[in-house]
Amino acid sequence: MSLQLPVSTVSMQLTTLLTTIEIAATIAFAMSGLIEATRKKMDIVGVFSVTFVSAFAGGTARDVLLDRRPFFWVENTEYIWLVIAMVLAAPLMLRSRKLGLTDKVMEVADALGLGLFTISGVSVALVAGMPLVVALMLGSITAVFGGVTRDVLCNEIPKVYRDHQPYTLCTLIGGLLFIGLNHFGVSPHLSSLAGICCISGLRLLAVAYGWQIPSWPRDA
Amino acid sequence: MSLQLPVSTVSMQLTTLLTTIEIAATIAFAMSGLIEATRKKMDIVGVFSVTFVSAFAGGTARDVLLDRRPFFWVENTEYIWLVIAMVLAAPLMLRSRKLGLTDKVMEVADALGLGLFTISGVSVALVAGMPLVVALMLGSITAVFGGVTRDVLCNEIPKVYRDHQPYTLCTLIGGLLFIGLNHFGVSPHLSSLAGICCISGLRLLAVAYGWQIPSWPRDA
Amino acid sequence: MSLQLPVSTVSMQLTTLLTTIEIAATIAFAMSGLIEATRKKMDIVGVFSVTFVSAFAGGTARDVLLDRRPFFWVENTEYIWLVIAMVLAAPLMLRSRKLGLTDKVMEVADALGLGLFTISGVSVALVAGMPLVVALMLGSITAVFGGVTRDVLCNEIPKVYRDHQPYTLCTLIGGLLFIGLNHFGVSPHLSSLAGICCISGLRLLAVAYGWQIPSWPRDA
């Protein structure tokens, strides 16, 4: 949930790019909460709570599991202000949604965030000495848990568990690719980029082509 | 959730007053869970679980976020016994509710608890070196998260998000007042009292006059 | 959730027995999530998430409350693979369920797990210096919280709170027995066994005879 990719050797341009993606992705994740909360006719404080949780619960869960402090949003309070600004601007944002344009942009931002947050989660877990399978899981949790919490608070079965779209699956495939490349000596910088592109790309393809995963087991 | 107000210089009378409020507030918070759990026809263990969570989840969430141990209810096990006693006395307590008298008392106790727990949460967060906006949020979480967890366990959208009453909003206003007074050099003792009175007073006014916050955005 | 019983002086046979119970119980707990998730028509990732949480959320909650790291499933990643194998084998497992045979086996495994996980939870809490009443609660949380989380994710009121079967109650009685025997100088080894047998035995009797706990209060 923060720029904890192994980017020490990375060019300034890349850092700027990653920060831009991070901000865009946080907005996309927060937006999903904002939309859901307004749909439930919440007041402004409820809308803020659900929006905040959608954006930050994933990274927070990862950090509680790894016992890391301070949390991302504690260290970077500007992200709290970003969410506050979004909630205050909700009337404008939701109206612009009706133009249909915002949805497409949000899908791309969400897909990029999925990639970035997964790989950052896997990286942090690996640095903390977690076994590979745990690191892979923590990557997915970082990317997906915000949405799960959002749906629990809105009294729904988590969308990612029941909408049969490849979402968490994309994070697992890309996380695996990242771990594999790392393992075979590819530079952290390159394997990070490959992982992010794999996750975001798969997700965008899945949305574009309407890919579905069946119920499991199929005949249940 | 515990007497972690900066009260070193405070007179004995005030300490006694604050302890009394703390006990009354814990009872009020627990009572909200007790009522909700009995409404859902739970057995005695379920009633205890929901009652306990309503009283202590807020302070526990704050302490997990700040990585503080032991928890309030671990250090003060008499509060666990208080909740056990309440659950055992539930038949009596719920009968007395029908007289209508208890509800008024509970509203006052709840409002006082809202103030006390918010300010104690903000204080603890400030002492832990949190940024102001984070301290403000942790204050509200301390006061409100028990009710959120209660409603999630009872399979409802959290009441504070959807009932459009000023509740969390009161904690934010009073927390802000406390932080502001602190900042301008007012003694912790006085600013704590001002914050608590502001929150509890606003909450009681909101209940008395039936104040409502609209959905956000208004035309959603 | 792990072999943290005070078994240093215990014979090899007992250790093997306890490990066998632990594996069987993890399977039983996971199975309850697997069944619930497939009932909700989730995809394979959702099924895995709910299955995993059913098996490990109890021990994880205990460890977050006690601030212990690494978690049981981080230290013993073979349990993650076990759950993955179960999810992949779900079509077979669910078909064999229709023969009716598996349900009985699962009930026994679940009852044994209830005993083992409770006593391991109480032991860990006592070693961590928790007060007795807190240790008792953490034992129950270790055994029961996985099921609570499973039901919250599946958008149901937790089954253990509303099905009126003695479940958590068994953990409390057996945990109390364990603490009492410990207190009166009985060897940890013997008191552990007594606690586990008490919990598992009570649970199996409750299932066999269809024991019910009434709503609380009775006339609510």
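Colleague: Happy to look at this with you! What rotation superposes chain B on chain A?

Modeller: In this predicted model, the superposition of chain B on chain A has an RMSD of 0.0 Å. The shift along the rotation axis is 0.0 Å, and the rotation itself is 120 degrees.

Colleague: Nice. Which kind of axis relates the two copies?

Modeller: Chain B goes onto chain A by a rotation of 120 degrees with 0.0 Å of shift. The two copies are therefore related as by a three-fold rotation axis.

Colleague: And which residue of chain B has the C-alpha nearest the axis?

Modeller: We can look along chain B for the C-alpha nearest the axis. That atom is 3.8 Å from the axis, and its residue is Asn155(B).

Colleague: Good to know. What percentage of the contact residues of chain B recur in chain A?

Modeller: In the contact, 23 residues of chain B meet 23 residues of chain A. Helix 7 (132-153), helix 8 (159-162) and helix 9 (168-183) of chain B each supply at least two residues of that side. The copies use different surfaces, and the share of chain B's contact residues that recur in chain A is 13%.

Colleague: How many nonpolar residues are on the side of chain B that touches chain A?

Modeller: By class, that side of chain B has three charged and four polar residues. The nonpolar residues there number 16.

Colleague: Now for chain C: which helix gives the largest share of the side that touches chain A?

Modeller: This contact takes 23 residues from chain C and 23 residues from chain A. Helix 2 (44-66), helix 5 (90-97) and helix 7 (132-153) of chain C each supply at least two residues of the chain C side. The largest share is seven residues, and it comes from helix 2 of chain C.

Note on methods. Residues are numbered from 1 along each chain as its sequence is written. Chains are lettered from A and ligands numbered from 1 in the order in which they are written. This is a predicted model: local features need pLDDT of at least 70, side-chain atom pairs count only at pLDDT 80 or more; totals for chains, interfaces and linings use all residues. Copies are superposed by least squares on the C-alpha atoms of residues with pLDDT of at least 70 in both. Two residues are in contact if their C-beta atoms, placed from the backbone, lie within 7 Å. Helices (H or I, at least four residues) and strands (E, at least two) are DSSP runs, numbered from the N terminus. Ala, Val, Leu, Ile, Met, Phe, Trp, Tyr, Cys and Pro count as nonpolar, Asp, Glu, Lys and Arg as charged, and the others, Gly among them, as polar.
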